[in-house]
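Subject: Structure handover

Hello,

I am passing this structure on to you. Please look through it before reading the notes below.

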Amino acid sequence: MTASPTAEMLAQAIDASEMTQKEIADQIGMKNANVISMMKQGITRIPLSRIPALSETLQINAQTFLMTAIEEYHPTTHEVLADVLGLPLSETEMRLLDLLRTTEASGFIDVIGPLWRHMERLLELVTEERT
């Protein structure tokens with residue numbers, strides 16, 4: 001296992017895919033499949049310019065993959081981006097946001113009223129369980 005979070009993310013995606021490293025290299029426009037292996041092992045950094053193609057090819061969340069790489073390779077830049085732009089939403093946050101948007105758009109439930117109070121109470125209960 002590698003100590004690189006970015007390489008680990010890539011390795012998990014490659015292992016989960018049914019593609020060979022040669023197929024991945026071809027898909028993202030790299031001539032040498034050995035480079036994919038070196039990136040996967042954390043021997044060489046994943047070029048930021050390749051993250052969109054790798055994300056699409058391996059079905060990785062591009063925003064999370066990019067921010068992980070920037071945080072690892074350029075921590076000061078990551079700090080500035082996080083301060084100015086905020087961090088990307090997690091998968092759980094995206095699901096909750098989608099649920100809230102769908103609920104609000106339906107017009108059946110007042111999201112700000114009763115639903116919001118129930119959600120706050122649920123979060124309080126979860127927090128109490130952990131302490």
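The notes below go through the helix contacts, the core and a few single residues.

Please keep in mind that this is a predicted model.

The core

The largest nonpolar core holds 18 residues. Those with the most contacts inside it are Leu10, Ile36, Met39, Ile46, Leu54, Leu58 and Phe65. Two or more residues of this core come from each of the elements α1 (5-16), α2, α3 (33-40), α4 and α5 (62-73).

Leu58 can be followed from there. Setting aside neighbours within four places in sequence, Leu58 is in contact with Leu10, Ala13, Ile14, Ser17 and Ile24. Leu58 is also among the buried residues of α4, which are Ile51, Leu54, Ser55, Thr57 and Leu58. What lies over these buried residues of α4 includes α1, α2, α3 and α5.

Helix α2 against α4

Helix α2 covers residues 21-28 and helix α4 covers residues 51-58. Their axes come within 9 Å and cross at roughly 130 degrees. The two helices are therefore oblique to each other, since this angle falls in none of the ranges for roughly parallel (under 35 degrees), roughly perpendicular (65 to 115) or roughly antiparallel (over 145). The crossing of α2 past α4 is right-handed. On the α2 side the contact is made by Ile24, Gln27 and Ile28, and on the α4 side by Ala53, Leu54, Thr57 and Leu58. Sorted by class, the residues in this contact of α2 with α4 are 5 nonpolar and 2 polar, with no charged residues.

Helix α2 against α3

The axes of α2 and α3 come within 8 Å, with a crossing angle of roughly 105 degrees. That angle makes α2 roughly perpendicular to α3. From α2, the residues in the contact are Gln21, Lys22, Ile24, Ala25 and Ile28; from α3 they are Ala33, Ile36, Ser37 and Lys40. By class, this contact of α2 with α3 has 5 nonpolar, 2 polar and 2 charged residues. Ile24 and Ile28 take part in this contact with α3, and Ile24 and Ile28 also take part in the contact with α4.

Helix α1 against α3

For α1 and α3, the axes come within 8 Å and cross at roughly 125 degrees. These two helices are therefore oblique to each other. Ala7, Leu10, Ala11, Ile14 and Asp15 of α1 meet Ile36, Met39 and Lys40 of α3. By class, the contact of α1 with α3 has 6 nonpolar and 2 charged residues, and no polar ones. Leu10, Ile36 and Met39, which are in this contact, are also among the residues with the most contacts inside the core.

Where does Gln59 sit? Gln59 is in the loop between α4 and α5. Just after α4, this residue takes a positive phi of about 55 degrees, and it is a residue other than glycine. Is Gln59 buried or exposed? Gln59 is exposed, because its relative accessible area is 75% and the cut-off for exposed is over 50%.

Ala16 lies in helix α1. Ala16 is exposed too, with a relative accessible area of 66%. Along the chain, Ala16 and Gln59 are 43 residues apart, and their C-alpha atoms are separated by 9.8 Å.

Leu97

Leu97 lies in helix α7, which spans residues 91-106. Its relative accessible area is 26%, so Leu97 is partly exposed. The C-alpha atoms of Leu97 and Thr76 are separated by 29 Å, and these two residues are 21 residues apart along the chain.

Regards

Note on methods: Residues are numbered from 1 along each chain as its sequence is written. This is a predicted model: local features need pLDDT of at least 70, side-chain atom pairs count only at pLDDT 80 or more; totals for chains, interfaces and linings use all residues. Side-chain values use heavy atoms; hydrogens and water are left out. Axes are lines fitted to C-alpha atoms, for helices over the stretch in contact, and angles run from 0 to 180 degrees between N-to-C directions. Helices (H or I, at least four residues) and strands (E, at least two) are DSSP runs, numbered from the N terminus. A crossing is left-handed if the near helix is turned anticlockwise from the far one by less than a right angle, and right-handed if clockwise. Contact means heavy atoms within 4.5 Å. Ala, Val, Leu, Ile, Met, Phe, Trp, Tyr, Cys and Pro count as nonpolar, Asp, Glu, Lys and Arg as charged, and the others, Gly among them, as polar. A nonpolar core is a set of buried Ala, Val, Leu, Ile, Met, Phe, Trp, Tyr and Cys residues joined through side-chain atoms within 4.5 Å. Buried means under 20% relative accessible area, exposed over 50%, partly exposed in between (1.4 Å probe, protein chains only).
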